[in-house]
Amino acid sequence: MVIGAATLADAPAAPDVAASARDGAGGGSGLAAALGDSASVGLGLVPLGLAFGVVVTHAGLPWWCATLFTSVIYAGSLEFLLVPLAVAAVPLASIALTAFLVNVRHVFYSLSFPLHRVNGRLAKAYSTFAMTDEAYALTTAENAREWPGRRIVGLQVLLHLYWVLGATAGALLSTLIPSGLSGLDFAMTALFTVLALDALRDRRGDLPTPVLAVLSALIARWLFPGQFLLAAFVVFTAGLLTRRLVTMARSADA
Amino acid sequence: MPDAGYLFAAVGVAAAVTWALRALPFAVLTALRSSATVRELSARMPAGVMVILLCYCLRDLPVTHPGRLPAPLVALGATVGLHLWRRSALLSIVGGTIVYVVLANAVHLH
């Protein structure tokens, strides 16, 4: 069963896309369904990729670095951070540490990412490799509950493709953009704004979760500004666990 | 300018660490899937995670320079407004970014 072809947006999906999405849910062409799923947030990766490509070349790195970073690392926020580090040629150990601190949040994603629906070693391997924030947001959404593995991996391939093509195009076209122009990286803030709004819409009525998330972020910003993401995720998870334990203790008393 | 060898090595290191963080926890945590606590966590986590990532993007808001605050705040408002209005991720991202680029560069000119 499938809920709709246009997953996050209410944007009108072309009828043929909607039809193939229904077929795809039956185990047919997962890629056709994925095309519809990726239309919304996925296409948002194109302007973000363009912005990243421009950032790469304006920093003085060769254009192919945009393609290399986006296809091999495939972790947007780390790639943005890596550009100045690579320009400064910092030691590889610093790069490993940065990658760890920026991406350690993905450890938490394994609790809810539907990898168990993906079949085959190769598909599973790719699916973990391509488990980005965007892929996680889309596949854990309310309307993705019934997606078969093929549709999940198909969506991941498309998101990967949008990101690599956007970045490569941005790097190649960046000579057209004045080097003094700043602020294209706001596309990442806008992307997470959209993902947060969509995720919150799925959990209407669950006010404590976003409140706890904002509190965790503030605590992390205040106490551990150098390790913001790691600290925020740890505090947030601890908060959710505490809340769960308190609720369980209360219902045990009752 | 770093040479190509360094760039490839840097990308290799970053990719290996990232993939390990994404793949290895599944080996440990799959066993926990049947637990009701993990199920509740996984239902609440996506929304909280995205809110935290948004806060992370906003962590460097120039709160001590009120003159530079309008650009990110207005752009954020535009992104939210566009998204609540049309619910098109592409439109919200492109629109919000254009608003930010225009405002940020207009401020820099003065």
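Select the C-alpha atoms of domain 1 and domain 2 of chain A: their centres lie 26 Å apart. The model is predicted. Keep that in mind at each stop.

**Stop 1: the two domains of chain A**

Colour residues 15–204 of chain A as domain 1 and residues 205–254 as domain 2. Now show the contact between them. Domain 1 of chain A brings eight residues to this contact, and domain 2 of chain A brings nine. Look at the domain 1 side by class. Five of its residues are nonpolar, three are charged and none is polar.

**Stop 2: chain A as a whole**

Switch to cartoon. Which elements make up chain A, and how many are there? Chain A has 13 helices and zero strands. Reading along the sequence gives the pattern α-α-α-α-α-α-α-α-α-α-α-α-α.

Next, colour by burial. Chain A has 254 residues, and 52% of them count as buried. Then draw the contacts in chain A with a separation of 6 or more. Of these, 71% join residues 24 or more positions apart.

**Stop 3: a loop with a buried tyrosine**

Select Tyr74(A). This residue sits in the loop between α4 (64–73) and α5 of chain A. Check the backbone: phi of Tyr74(A) is near 50°, a positive value in a residue other than glycine. Most residues other than glycine have a negative phi.

Is Tyr74(A) buried or exposed? Tyr74(A) has 24 C-beta neighbours inside 10 Å, so it counts as buried. The cut-off for buried is 20 or more.

**Stop 4**

Ala89(A) lies in the loop between α5 and α6 (92–103) of chain A. Phi of Ala89(A) is near 50°, again a positive value in a residue other than glycine.

**Stop 5: the loop between α12 and α13**

Go to Pro225(A). You will find Pro225(A) in the loop between α12 (208–223) and α13 (228–253) of chain A. How many other C-beta atoms lie within 10 Å of Pro225(A)? The count is 11, so Pro225(A) is exposed.

From C-alpha to C-alpha, Pro225(A) and Ala66(A) are 28 Å apart in space. In sequence, 159 residues separate Pro225(A) and Ala66(A).

**Stop 6: chain B and its two domains**

Bring up chain B. Its domain assignment gives domain 1 as residues 1–45 and domain 2 as residues 60–110. Taken over C-alpha atoms, the centres of domain 1 and domain 2 of chain B are 31 Å apart.

**Stop 7: where chain B meets chain A**

Show the interface. Here 57 residues of chain B are in contact with 78 residues of chain A. Which helices of chain B supply at least two residues each to the side that touches chain A? They are α1 (4–29), α2 (36–57), α3 (70–86) and α4 (89–109). Among them, α2(B) gives the most, with 18 residues.

Colour this side of chain B by class. It has 41 nonpolar, eleven polar and five charged residues.

**Stop 8: α11(A) against α3(B)**

Select helix α11 of chain A, residues 186–202, together with α3(B). Their axes are 10 Å apart, and the helices pack at an angle of about 40°. That angle is why α11(A) counts as oblique to α3(B). The crossing of α11(A) and α3(B) is right-handed.

Now show side chains. On α11(A), pick Phe186(A), Ala190(A), Thr193(A), Val194(A) and Leu197(A). They meet Ala75(B), Leu76(B), Thr79(B), Val80(B) and His83(B) in α3(B). By class, this contact of α11(A) with α3(B) has seven nonpolar and three polar residues, with no charged ones.

**Stop 9: α5(A) against α1(B)**

α5(A) makes a right-handed crossing with α1(B).

Which residues of α5(A) meet α1(B)? Select Leu78(A), Leu82(A) and Ala86(A). Their partners in α1(B) are Leu7(B), Ala10(B), Ala14(B) and Thr18(B). By class, the contact of α5(A) with α1(B) has six nonpolar residues, one polar and no charged.

How values were computed: Residues numbered from 1 in each chain as written. Chains lettered and ligands numbered in written order. Predicted model: local features only at pLDDT ≥ 70, side-chain atom pairs only at ≥ 80, totals over all residues. Helix = DSSP H or I, 4+ residues; strand = E, 2+ residues; numbered from the N terminus. Buried ≥ 20, exposed ≤ 12 C-beta atoms within 10 Å, placed from the backbone. Contact = placed C-beta atoms within 7 Å. Domains from an automatic or database assignment. Nonpolar A, V, L, I, M, F, W, Y, C, P; charged D, E, K, R; others polar. Axes fitted to C-alpha atoms, helices over the stretch in contact; angles between N-to-C directions. Parallel < 35°, antiparallel > 145°, perpendicular 65-115°, else oblique. Left-handed = near helix turned anticlockwise from the far one by under 90°.
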